[in-house]
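Let's take a friendly walk through a protein model with two chains in view. Have the sequence and the 3D view open as you read.

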Amino acid sequence: MTGEPWRMSLVEAADAIRRKEISSLELTETCLARIECLQPTLNCFLTVDREGVLEAAKAADAAVGRGDDIGPLHGVPLAHKDIFHRKGQITTCGSKRVQQPVANKTATVLSRLSGAGALYLGSLNLSQLCYNPYGFNNDYGHCRNPWNSEHISGGSSSGSCAAVSARLVFGALGSDTGGSIRLPASMCGVVGLLPTYARVSRFGFVPQAISLDNVGALARTVRDCARLLKVIAGPDPNDPTCSSEPAPDYESTLDDGIAGCKIGIPSEVIYDNVTSEVENIMENSLDIYRDLGCELVDVTLPNPSELNILADIVELSEVAAFHAKGLRDNAEAYHEIFRNRIFLGMCIPASKYVEALRMRARMLDRYIAEVFEKVDVLHIPVMPAPVPTISQIEETLSKRPDLNLELVGRNTQMFNYLGLPALAVPGGFASNGLPIGFQLVGRPFSEPILLNIGHSFQAATDYHSLVPEP
Amino acid sequence: MTRGRGKQCDRPISGAAAKITARMISKGVQAWHGLSIEPIQAALLAEVLNTYNETTKKLEEIIDLASDDRPNDFQLSLVADARSPGARG
């Protein structure tokens with residue numbers, strides 16, 4: 001095959017290998033060449049397993065040559081946020097100074113991807129200890145936005161989103177506790193899927209706040225995310241918290257028509273702080289859905305601020321419990337933003353933490369009754385404003401180090417608390433040349449509907465096929 | 001002094017309440033976790049905690065947890081709500 005194979009989507013690449021139109025080695029070499037060229041600017045990767053992935057690619061090609069039964073991701077190079085254990089390796093979680101032990105197990109999601117034939121290209125950068133939404137990492141250096149390296153990539157799944165956006169890799173896993181998949185996906189112009197709570201196994205994953213943590217997929221297209229989700233979702237005997245609901249074939253319903261779907265548009269609060277530029281992009285995306293035959297319905301949402309505070313109480317308490325000893329032993333290893341958040345978690349009474357957890361089911365019931373008995377999905381901006389520069393965020397944090405999610409919006413965290421699935425989709429570009437995304441949010445286990453509606457948007461637009469030139 | 005939680009919470013908080021909470025934070029974190037917090041930092045955290053406190057108090061009025069005798073299994077709620085009226089497909 002000639003041309004530029006890195007331009008293919010994950011599904012196109014996997015299908016091309018299956019049809020013997022391209023070799024896994026060719027695909028892998030094209031990724032390695034792009035990494036060599038762009039890594040110095042973007043700082044997406046923490047490690048690149050060059051020899052290992054080339055060997056694996058040759059083995060994958062040999063299997064195709066023999067006519068072996070191959071998996072849905074056979075021969076496709078992927079890389080992942082460095083929070084998933086690989087037996088015998090150190091999972092850094094984005095920190096050099098907070099030491100992690102050598103892993104004695106491999107994360108279920110990595111085993112499943114490997115079982116489906118995917119290759120492991122390396123580990124990806126992230127916000128230090130997953131704990132800021134900007135992609136800042138003082139130990140390994142900040143990850144940069146491929147659309148303009150002066151701007152933040154978003155985080156905490158910063159390397160995953162930047163690497164997929166810059167076509168260094170065909171897909172990646174990330175994690176999302178309060179927006180860590182959707183925020184960087186929106187800022188880098190890729191598709192990011194937060195599945196229903198515990199839809200995907202978390203065995204072998206470094207937790208942040210186990211009641212809110214989720215593993216999800218990042219890729220260039222919704223179809224790519226559907227394929228990745230099918231591989232990683234489903235019950236896991238190693239993770240008793242993982243949902244026992246079977247995982248459907250998410251790709252099979254992507255092309256279903258969406259005429260008549262009811263899309264909810266929040267009529268207040270969410271849009272209070274949204275800039276006119278973001279609002280225009282949201283309106284344009286809704287026009288496309290209207291043209292596709294969807295019904296747009298105004299909905300009044302339960303107070304997002306209250307839900308975010310309940311999410312904060314759960315998250316901060318759990319993060320503080322996880323890191324208290326580390327902070328006591330080695331406080332300087334933690335970034336100031338992180339230290340402040342842990343201190344906050346240490347001050348929350350245990351009774352309030354338990355109350356916040358008990359309220360969760362009640363709040364979910366209320367949300368379903370007030371929103372999802374009226375509409376199929378919600379459509380809301382991921383961020384209220386265009387992607388800021390690194391220096392803008394650093395300047396603000398120097399004056400207000402207690403701020404965290406507030407600087408990039410509060411439209412993501414509430415859905416972790418509610419356990420609802422959300423799909424971030426590139427919706428257009430701001431005047432600064434950086435992408436803006438919207439998120440589709442649905443009932444529990446409504447991923448097939450979200451993916452169907454997200455895919456329909458991509459079939460009618462080409463934002464996802466534009467390539468940044470860092 | 002204003003709260004740090006965005007547009008919904010930008011009323012000033014009472015100086016006395018903030019001071020009490022800040023003192024509580026410093027002492028509590030020192031006693032329970034063996035860590036010390038700078039007074040300025042404690043004051044910032046006190047603002048946020050007061051907002052949390054007021055919000056949870058308000059929600060306690062709305063959400064009657066005392067009469068909620070369901071098992072506290074959030075995942076069962078997710079499955080039930082996936083299948084409740086109005087669900088598509």
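## Chain B on its own

What percentage of the 89 residues in chain B do buried residues make up? They make up 42%, where buried means under 20% relative accessible area, exposed over 50% and partly exposed in between (1.4 Å probe, protein chains only).

This is a predicted model, in which local features need pLDDT of at least 70, side-chain atom pairs count only at pLDDT 80 or more, and totals for chains, interfaces and linings use all residues. Residues are numbered from 1 along each chain as its sequence is written, chains are lettered from A and ligands numbered from 1 in the order in which they are written, and side-chain values use heavy atoms, with hydrogens and water left out.

Chain B has 3 helices and 0 strands; helices (H or I, at least four residues) and strands (E, at least two) are DSSP runs, numbered from the N terminus. Among contacts in chain B with a separation of 6 or more, 54% come from residues 24 or more positions apart; contact means heavy atoms within 4.5 Å.

## Where the chains meet

Now look at the interface. Here 46 residues of chain B are in contact with 59 residues of chain A. The size of an interface is often given as the accessible area lost when the parts come together. For chain B and chain A, the buried area is about 4,700 Å², with 59% given by carbon and sulfur atoms; this is the accessible area (1.4 Å probe) that two parts lose on being put together, summed over both.

The count between chain B and chain A is 3 salt bridges, each being a side-chain nitrogen of Lys or Arg within 4 Å of a carboxyl oxygen of Asp or Glu. One of them joins A:E245 and B:R83, whose closest N and O atoms are 2.8 Å apart. On the side of chain B that touches chain A, α1 (15-33), α2 (39-62) and α3 (74-82) each supply at least two residues. The largest share, 14 residues, comes from α2(B).

## Backbone details in chain A

Find A:G155 and A:S156: the peptide bond from one to the other is cis, with omega near 15 degrees. A:S156 is in the loop between β3 (119-124) and α5 (158-165) of chain A.

A:L129 also lies in the loop between β3 and α5. Although A:L129 is not a glycine, it has a positive phi of about 55 degrees, and A:L129 is buried, with a relative accessible area of 1%.
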